[in-house]
Amino acid sequence: MCRTRRSRSPTSSRNNAPTWRIIKTKNTIDGLLAGLLVACAAAALPAAASTDYPPAIWNPAASCNYSARTVSVSHVAVHTTQGSYAGSISWFQNCSAGVSAHYVIRSSDGQVTQMVREADKAWHIGNSNGYTVGIEHEGYVANPSAWYTTAMYNASADLTRDILASRALAQKVYDGASGWNAVLPDANFDVKGHVNYASQSHTDPGSGWDWPRYKQLVTSGSGSGGGATPTLTWPVVQYGNTGERVRTVQYLLQQWGYSVTADGSFGSTTLTAVKNFQASQGLGADGVVGNASWPALTVLAQQGDSGAKVRAVQSQLVESGYAVAVDGVFGPGTDSAVRSFQGAKGLGVDGIVGENTWNKFAW
Ligand SMILES: [Zn+2]
């Protein structure tokens, strides 16, 4: 039978020191998927819960729509869904589809859903499935200005950066110089569009995908959060420091799966976690959180989200005098406080904690 597993669930805590626990729901069928899963009775499961990209929601594709890899990942393929975010997710959970992608990104806010583990082979690009990670972007190639939002570019660039960094792959992102529909040698670019791979019939992401912008976002690491400017200055946080800024680093480390206590004291455990995080991101592992590590560490947070990143936001709001509970649940009260904070800091008021808002929190 087909079964689903959730990757990570935050365990509620009243002492602001949440832990992350791997939850394995063996031999259960998610109610939402039950109707679709009947058809994939013999399919195999992913070997373990996803830890590929903690900012993503894990909502697995039906295992009849992907298979095991036989070669390692070396490339990223940029796609357009030609349909809605929700519709694409639903389709990849339907065994009738015979297709899937590792990730789907929502146009409106850049929300990322992971559906196939990177270690598995999603079916998104025919003869290039074996060595690629596929990212589907919500929208239509015929209407790029309506669908290819800043939030989606930023979220996608962060994801691609992570995929490359975790494998120590060079950031050879297509710059658009040869035209949007050129078939490009794999050796020259390891991040390119569906249309740019050999022997493809699809045209996504189309002529409206901004490759120079995307390349800049991936290579500079400036995609974190909506509308970020690429040259923010961040405070230096390092071993021996104490305070709210350290607590934010600790919460964000928790969000990325590291086991640290958010006590606001930068001790040896935090130092080790920072170094491991830096190494995982292809950054210099010096244990110092500054201009390079902050943008990599911050994760988009907005209403409806939960977990350690939300506690980081809430704890910062409390520090700034807002009366919000540090409960890890980004509800209307937190949304309201974030908007108020953004207004007070001269930021765009959208309730979305992206890189600019994190930066103001950090200072
Ligand atoms: Zn495609």
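Is Asp 204 buried or exposed? Asp 204 is buried, with a relative accessible area of 5%; buried means under 20% relative accessible area, exposed over 50% and partly exposed in between, with a 1.4 Å probe and protein chains only.

This is a predicted model, in which local features need pLDDT of at least 70 and side-chain atom pairs count only at pLDDT 80 or more, while totals for chains, interfaces and linings use all residues. Residues are numbered from 1 along each chain as its sequence is written, and side-chain values use heavy atoms, with hydrogens and water left out.

**Overall architecture**

The protein chain contains eleven helices and ten strands; helices (H or I, at least four residues) and strands (E, at least two) are DSSP runs, numbered from the N terminus. Of its 363 residues, 53% count as buried. Contact means heavy atoms within 4.5 Å. Among contacts between residues at least 6 apart in sequence, 63% join residues at least 24 apart.

**Zinc site**

His 79 (ND1), His 194 (ND1) and Asp 204 (OD) coordinate the zinc ion at 2.0 to 2.1 Å. Along the chain these donors follow the spacing H-x114-H-x9-D. His 79 lies in strand S5 and Asp 204 in the loop between S10 and helix H5 (211-220), so the pair ties together parts that are 125 residues apart in sequence. His 79 counts as buried, at 1% relative accessibility. Donors are N, O and S atoms within 2.8 Å of the metal (3.2 Å for Na, K and Ca); water is not among the atoms, so sites may look incomplete.

**Second largest pocket**

The second largest pocket has a volume of about 270 Å³. Of the 18 residues that line this pocket, the closest to its centre are His 79, Thr 80, Thr 81, Glu 136 and His 202. A pocket is an open set of points on a 1 Å grid over the protein atoms alone, where a 1.4 Å probe fits, with protein on both sides within 12 Å along at least five of seven lines; lining residues have an atom within 4 Å of a point. Grid points are joined across faces, edges and corners, and a volume is the space filled by probe spheres set on the points.

Strand S5 (75-80) and helix H2 (85-92) each supply at least two lining residues, and the largest share, three residues, comes from H2. The lining divides into six nonpolar, ten polar and two charged residues.

**Salt bridges**

A salt bridge is a side-chain nitrogen of Lys or Arg within 4 Å of a carboxyl oxygen of Asp or Glu. By this rule the count comes to seven, including the following pairs.

| Pair | Closest N to O distance |
|---|---|
| Arg 167 and Glu 118 | 2.8 Å |
| Lys 309 and Asp 305 | 3.1 Å |

Arg 167 lies in the loop between helix H4 (150-165) and strand S10 (191-193) and Glu 118 in the loop between S7 and S8, so the pair ties together parts that are 49 residues apart in sequence. Arg 167 counts as partly exposed at 27% relative accessibility, whereas Glu 118 is buried at 3%. Both Arg 117 and Asp 52 are buried, and Lys 309 and Asp 305 are buried as well.

**Val 318**

Val 318 is placed in helix H9 (residues 308-319) and is partly exposed, with a relative accessible area of 39%. Leaving aside neighbours within four places in sequence, Val 318 is in contact with Val 324 and Val 326.

Note on methods:
Nonpolar A, V, L, I, M, F, W, Y, C, P; charged D, E, K, R; others polar.
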